[in-house]
Structure formats: C-alpha cells, structure tokens
Amino acid sequence: MAEGSVLITGANGTLALPAVDYLLEKYPGYTAILAVRDASEDDPNTQKLREIISRHPGAKASIRKLDLARLSEVHEFATKLSEEIIAKEIPPLKSILCNACYWNLVGDSELTEDGYDKTMQVNHISHVALVLRLLDSFAPDGGRIVMFSSEAHEPHRATLENIPPAIPEDVNLLVKPLPLEDKRGAGFQRYGNSKLVTTAWTHALNRYLEKDENLNKITAVAYNPGGLVDSRMFEKNVSTFLNLSFRYAIRPLLPLLRLQNSQMRTGADSAGDAIELALDHVNPGERGYFELLEKAESSPESRDEAKQGKLWVKSAEWAGINKGNTALKGAFE
C-alpha cells in the first residue's frame, strides 16, 4: 500500500471536501494533513470535513489550523510539520495541494497584517512560503506540488473579467494595488493576477527543482481545475446579483452550459482529478501547466522567463524565504 503525507490547504473548500473523501476512500494508506483557516467546531465547513473523515474508520487524517493571511503562522506551521516528519511522527510528504483561495469583488484591496493585498497573499505568497519551506520534507523518491491556476490567469478567457490580468512593470503594485472605480473588475483582476503570478512562478520553480540533484524528483504543476460553478466563493465578497445568478441560473443550467464549455464543472467533478494529479498517477513525472488533466500551454505572459525571474525574486522576498530557510539553495545564490 502506498504511503506518504498529502497536505491540502483550504481543506474545507468546495473542491477540497470531495477531494479528501476521494483520497481517504481510494488511497487509505496516505496520511492526510488538512489545513483550514478556522479549525474550530463553530465553522460549518470544517464540521463537514470532520464528518467526511468520520466516514472512513481508521483514516490517517488530521485537521490543522493555518491562516494564510498571516505569514508568521505559515512559517510556524511549516516548522512544526517539518519537525513531525523528522521525528517520524508522520510520513514524508508525497504531495502539497495549494488549494486555498480568496477574492473580494465588492471592495478595494484589503491589506493583511503583513502589508500585502489579501488576495495575492492567500492565493500566492503564503503558498510560496509553505512550499519552499517544506521541500526537504518530501521523501527521497520525490512527489508533486500542485499550485492552483485558473483560466483567469490569461486575458480574455474568464467571463467575469473586465480588466485583463497583467504583470505591471512595478511588481510591487501586485501586493499593493491601486484602487479603481470598477470594484468588481478590479477585484477579479487581483484574483486573475494572483493566478498569473502563481502560474509563472511554478514554471520558474520547476527549472530550479530540475537543477537540484536532491530535489529533482519533485515536480510542480499549475493546475486549472475548470470553472467551479458551485464554489463557495460566489457566496461571499460578491454582489447579490452575481450570487443569485450562479445559484438560480448557471448552476441549474450546468448540463447545457457544459456542451458549450467543457471547463464548467463542479468541485466534485475536479476533486478526483486533483488527487490523481497530486499523487502523480496521471501524466507521471510531467511538469508545467495543466487544464483539467491535459497538459496545456499557459498564457504568453506567464511563459516569459524574464518576468518569471523577476517574480521569483519578489515572491521570495514577500514570503520571507532565503537560502537559510529552504532546501532549494541554488535558487538563492
């Protein structure tokens, strides 16, 4: 039976809940490390996560608190998890699924206590810190990192786009964006930018991993799971009109809408795919960008190696990563 640990952030989310169920049902040998912002019994979605775990007697699963809007908590989480793996309290990592996500389509940019735009920090910066801190917690035979991308990373693809995603000349504007009159457009651009930066960063990560003889068995993919029409993101920080549109028009019409756009899915549709991709069961050893389970080409801007390099340096700076706290030494010389 296969063994190893699978870390999932945002583990009580729309895609993650059925993904955890799929993992525990189909691959009970793995240890599930399930990170959520609110691990208390007061959170109804975390309670759903507990109910899923309870349906699998003997499941090796633990729910951990992790607030990605606080970098200090991310670093503390990574330190503790690494110590548990060194002490052999839990198996080495097989995969990290950076699933947690945030947006705000009704207001201006919100700054975290670290001083960064909350959308960019939750979706990208904190995942950078988590991944780079935990690279030496993978087993010698490697594993896979799944960064979550979206069609929103590429201009003119997402139906909610008013302002196309773009990497500005001054990349600090990504973490401290200027306010715009079009709140929904600006909010969705912040979301699209976080996915663009994540996709570009994943390409850079793979180049560094391939060059490191101790880490080259770890692969990274930027995974577009499709447009999840049942996402809870449409229930918070969106207009009433958008909320009702998805609830009473788009979701009921999903079978018809899929005929025009195969990427329109539910979280349950993508859950199994995410786990199979994370465990390297599909496209084994492959790196790069995936749409559903198909290797694809990400946006031209995300493939620009000069911009990737710039984002790599700034992402590490924002995330508090240097050669002293990551095993990927060659990337910081």
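Is Lys-183 buried or partly exposed, and what is its relative accessible area? Lys-183 is partly exposed, at 29% (buried is under 20% relative accessible area, exposed over 50%, partly exposed in between, with a 1.4 Å probe and protein chains only).

## Basis

This is a predicted model, in which local features need pLDDT of at least 70 and side-chain atom pairs count only at pLDDT 80 or more, while totals for chains, interfaces and linings use all residues. Residues are numbered from 1 along each chain as its sequence is written, and side-chain values use heavy atoms, without hydrogens and water.

## Salt bridges

The whole structure holds 21 salt bridges (a side-chain nitrogen of Lys or Arg within 4 Å of a carboxyl oxygen of Asp or Glu). In one of them, Lys-183 pairs with Asp-108, with 2.5 Å between the closest N and O atoms. Lys-183 belongs to helix 5 (residues 183–211) and Asp-108 to the loop between strand 4 (93–98) and helix 4 (118–134), so the bridge ties together parts 75 residues apart in sequence. Helices (H or I, at least four residues) and strands (E, at least two) are DSSP runs, numbered from the N terminus. Asp-108 is partly exposed, at 36%.

Glu-169 and Lys-310 form another salt bridge, at 3.8 Å from N to O. This pair links distant parts of the chain, 141 residues apart: Glu-169 is in the loop between strand 5 (143–148) and helix 5, and Lys-310 is in helix 9 (residues 305–319). Glu-169 is exposed at 71%, whereas Lys-310 is partly exposed at 36%.
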